[in-house]
Amino acid sequence: MAIQDQFASPDYYLLDELLTSEHLLIRKTIRDFVKKEISPIIEEVCQSCIFPKNLIPKLGELGCFGPFIPNKYGGAELDQISYGLIMQELERGDSGIRSTASVQSSLVMFPIFNYGTNEQKTKYLHKLSTGEMMGCFGLTEPNHGSNPGGMESRFIDKGDYFLLNGSKLWISNSPFADIAVVWAKNENNRIQGLIVETNMDGVSTPETHNKWSLRGSVTGEIIFDNVKVPKNNLLIGKDGLGAPLGCLDSARYGIAWGAIGAAMDCYDTALRYSKERNQFGKPIASFQLQQKKLAEMITDITKAQFLTWRLGVLKNENKATSAQISMAKRNNVDMALRIARESRQVLGAMGITGEYPIMRHMMNLESVITYEGTHDIHLLITGHDITGISAFK
Ligand code: TGC
Ligand code: FAD
């Protein structure tokens, strides 16, 4: 069933005036791509749970993989607001497609670029930027989600190679990834990153089935059974939990933008429907209760747009803190989920069907509010930041 995408972006406070012509062009390019290539197929993709791999080279061609990586390594060398706008537009299409682009960009290319050797950058980054090679990021384990510092995966130095054992769970893209950036403890109990090629002996990546959320993105495990990892696959630039958390800062920033895309799509759908749907002889948009819902939605979207634009400016100036990023991720995903639930109600029974994108966004956002740090964890990060007292443990 091909869906006609009539999306019109809300810009209530003329935020576009704060964007450069390059930002507007990038946004238009990705928006056009989503309308042409994602919206017509995404319902079927999510119903069938079959990831559209044919989109990968197109996403690469458009610069959606590692947009902030220098040209020298195949990236588009764009600023952080451009990266955010790309994530916003992709998630307007579907959170699962944005997930694929944000994992590749922030969780695979980012650590290789920031912590990798020149040899690793040359070997992997170009191929990752085109999508010829796909990556995944293994931090979460069966017994360690919010608390990755407790991870049990380990590697030991065997002279010629590192011997890696352990497992990772809930890993986006692992079943089809060519490489995994894997976080494990060394013999000194320090967390380090390793680039693991998924065709190495002892690596398996079974898919996780029966998800009701993020059905347009493949999720799986990564199991390491005495994997011999070449020594030059170690990411030597940074160790400790701060290394993977640094990657999460970049991904969480992209999600803050992405969630606005999902919220805008729900709001835009509900607004249009409310003007077309008549009950009691009048459009439902004429009833105060529906106007309240819509007015609150556009208010919340506008506030999130400003918060996130400002965060982008700070990020461009290298001044954004991890806690500021947490606040935006938490606020925006929560905002988008509330808007999805309210929009769904505006559509009545039609809201539960695949004729409209709202229920799909709502289900996706249940993952987005959990991954990259749960809603609770981001609140605790803000609490820690303002009081100086950690309430995690
Ligand atoms: P804590 O003692 O606070 O910190 C340990 C070290 O890390 C440093 N650090 C950071 N560095 C960079 N960026 C950040 N955001 C950082 N936060 C902390 C910190 O300074 C310290 O450094 P050092 O040098 O002193 O060692 O650590 P903790 O064990 O108390 O845990 C803190 C906590 C809970 C905030 C953290 O572990 C956390 O964020 N937990 C949530 C886990 C999470 O977000 N997992 C995401 C997995 S990846 C994923 O979900 C991908 S979904 C992809 C998709 O499909 O889009
Ligand atoms: P838990 O940590 O067990 O938390 C359960 C509940 O307890 C939550 O409500 C949480 O907020 C609460 N809680 C935990 N600790 C505290 C505390 N100190 N105080 C108060 N409440 C607390 N991970 C990767 O590494 N790579 C990926 O690519 C990836 N992709 C994912 C894709 C999907 C679709 C999903 C759903 C998850 C993905 N994840 C990935 C894992 C994700 O990051 C974790 O699910 C997340 O960090 C939470 O961990 P958990 O599910 O183990 O929940």
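Helix α6 (242–276) gives the most to the lining of the largest cavity, with three residues; helices here are DSSP runs of H or I of at least four residues, and strands are E runs of at least two, numbered from the N terminus. The structure is a predicted model, in which local features need pLDDT of at least 70 and side-chain atom pairs pLDDT 80 or more, whereas totals for chains, interfaces and linings use all residues. Residues are numbered from 1 along each chain, chains are lettered from A and ligands numbered from 1 in the order written, and side-chain values use heavy atoms without hydrogens or water.

One cavity of 30 Å³ or more was found in the whole structure. A cavity is a set of points on a 1 Å grid over the protein atoms alone where a 1.4 Å probe fits but cannot get out, and lining residues have an atom within 4 Å of a point. The largest cavity holds about 110 Å³ of space, a volume filled by probe spheres set on points joined across faces, edges and corners. Its lining comprises 13 residues, with Leu 15, Asp 16, Arg 27, Gln 88 and Gln 305 closest to the centre.

Ligand 2 is surrounded by 17 residues, each having a heavy atom within 4 Å of the ligand. Strand β3 (161–172) provides the largest share of this shell, three residues. Polar contacts are pairs of N or O atoms within 3.5 Å. A ligand nitrogen lies 2.7 Å from a side-chain N or O atom of Thr 140, and a ligand oxygen lies 2.9 Å from a backbone N or O atom of Ser 172.

Conventions. A polar contact is a pair of N or O atoms within 3.5 Å; within protein, one must be able to donate a hydrogen and the other to accept it, and residues adjacent in sequence count only if both atoms are side-chain atoms. On a 1 Å grid over the protein atoms alone, a cavity is a set of points where a 1.4 Å probe fits but cannot get out, and a pocket is an open set with protein on both sides within 12 Å along at least five of seven lines; lining residues have an atom within 4 Å of a point.
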